[in-house]
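Dear colleague,

I am passing on the structure we spoke about, and I would be grateful if you could look through it alongside the notes below.

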Amino acid sequence: MNQAFNLQGKTAVITGGTRGIGKAIALGLAESGADIVLLQRSDDTSAQEQMRALGVRCEIVRCDMENLDEVKQAIPKAIEMMGSVEILVNNAGIQRRAPAVEFTEQDWDDVIKVNLKAVWVLCQQAGRHMLEKKGGKIINIASIATFQGGLYVPAYASAKGAVGQLTKALANEWSSAGINVNAIVPGYIATEMNTALIEDPVRSRQILERIPAGRWGNPEDFKGAAIFLASDAANYVNGHLLAVDGGWLGR
Ligand SMILES: NC(=O)c1ccc[n+]([C@@H]2O[C@H](COP(=O)([O-])OP(=O)(O)OC[C@H]3O[C@@H](n4cnc5c(N)ncnc54)[C@H](OP(=O)(O)O)[C@@H]3O)[C@@H](O)[C@H]2O)c1
């Protein structure tokens, strides 16, 4: 492997690594040699077992992104467990769909809590540690809804828009300290989050027709971008929002 992409000796903390895009990213980082801490709410050890089978250390810190106390304790726990944290991937996210006039306050609060507030708290906690260590990589998972309003997803678009701005704001503060804060922008990816769209033949066809690559993305499409942004190869990449969208945003 090109040494610039080698993550051996580094610890990556990732949220939402139990399935979907987050699990593929965690596996990609582990394949490049990183030890992994999964911040997850469930007891499921299947992702952990897959990482360990690659020969890296993988630990679980229990953390429900809707529980602010658990979110605040997660990075300190990971540091205590592993000694230090070099990489943070904020991937966990939820979706709630409804026309704006029917959108409930509960759905609004849940989406903002998981998709934005937890991201901010984890960035702040990791940033404090990385500033002391004089280096680190933070990768936030944004969305094409960072740039576009979407349909029936007002809270999600608001949260993801803010994740893009937060990424740039933190990069402005921390880049000179050797901390690279960047984001990955997924397009339409075939995961459980999109079951409603995939099962709607009209929306599904309309979306597919607009993707220049001619297919929906899959979680494995994110390994390369994540390894790059987590590695020394990205040392001069700051505040960047990297689209992995089959060309959607350029259309
Ligand atoms: N799929 C797409 O087309 C798409 C497009 C743009 C952006 N994204 C973004 O990419 C990221 C991953 O999406 P995905 O499609 O892989 O989603 P997914 O398959 O639905 O997986 C979501 C992950 O987030 C975790 N999670 C959700 N709520 C949580 C909570 N309260 N506490 C802890 N973990 C929680 C889930 O854990 P459990 O297993 O415990 O539920 C799961 O690991 C999200 O930020 C999403 O917004 C996805």
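The notes that follow take up the aromatic residues, then the cysteines, and then the salt bridges.

Please bear in mind that this is a predicted model, in which local features need pLDDT of at least 70 and side-chain atom pairs count only at pLDDT 80 or more, while totals for chains, interfaces and linings use all residues. Residues are numbered from 1 along each chain as its sequence is written, and side-chain values use heavy atoms, with hydrogens and water left out.

To begin with the aromatic residues, the structure holds two aromatic pairs, where rings of Phe, Tyr and Trp (for Trp, its six-membered ring) pair if their centres lie within 6.5 Å, and where planes under 30 degrees apart count as stacked, over 60 as edge-to-face and the rest as tilted. The ring centres of Tyr-188 and Trp-216 are 5.6 Å apart and their planes stand at 70°, so this pair is edge-to-face. The pair links distant parts of the chain, since Tyr-188 is in the loop between β6 (179–186) and α6 (195–198) and Trp-216 is in the loop between α7 (201–210) and α8 (223–230), 28 residues apart; helices (H or I, at least four residues) and strands (E, at least two) are DSSP runs, numbered from the N terminus. Tyr-188 counts as buried at 17% relative accessibility, and Trp-216 is buried as well, with a relative accessible area of 13% (buried means under 20% relative accessible area, exposed over 50%, and partly exposed in between, with a 1.4 Å probe and protein chains only). Together with Trp-248, Tyr-188 and Trp-216 form one aromatic cluster. Arg-210 lies over the face of Trp-248, at 4.0 Å from the ring centre, a charge being taken to sit over a ring if NZ of Lys or CZ of Arg is within 6 Å of the ring centre and within 35 degrees of the ring normal.

As for the cysteines, a search of the whole structure finds zero disulfides, a disulfide being a pair of cysteine sulfur atoms within 2.5 Å. Cys-58 is in no disulfide, and the nearest cysteine sulfur, that of Cys-63, is 15 Å away. For Cys-123, the closest cysteine sulfur is also in Cys-63, at 13 Å, which is too far for a bond. Cys-58 counts as buried at 0% relative accessibility, and Cys-123 counts as buried at 0% too.

Turning to charged residues, side chains of opposite charge can pair when their charged atoms come close. The search finds eleven salt bridges in the whole structure, each being a side-chain nitrogen of Lys or Arg within 4 Å of a carboxyl oxygen of Asp or Glu. One of them joins Lys-10 and Asp-232 (3.3 Å, N to O), and this pair links distant parts of the chain, with Lys-10 in the segment before β1 (11–15) and Asp-232 in the loop between α8 and β7 (241–244), 222 residues apart. Lys-10 is buried at 17%, whereas Asp-232 is partly exposed at 39%.

Another salt bridge brings together Arg-62 and Asp-43 (2.5 Å, N to O). Arg-62 lies in strand β3 (residues 58–62) and Asp-43 in the loop between β2 (35–40) and α2 (46–52), so the pair ties together parts that are 19 residues apart in sequence. Here Arg-62 is partly exposed at 45%, while Asp-43 is exposed at 61%.

Finally, Arg-52 and Glu-59 meet in a salt bridge (3.3 Å, N to O), and Arg-52, Arg-57 and Glu-59 are linked in a network of salt bridges.
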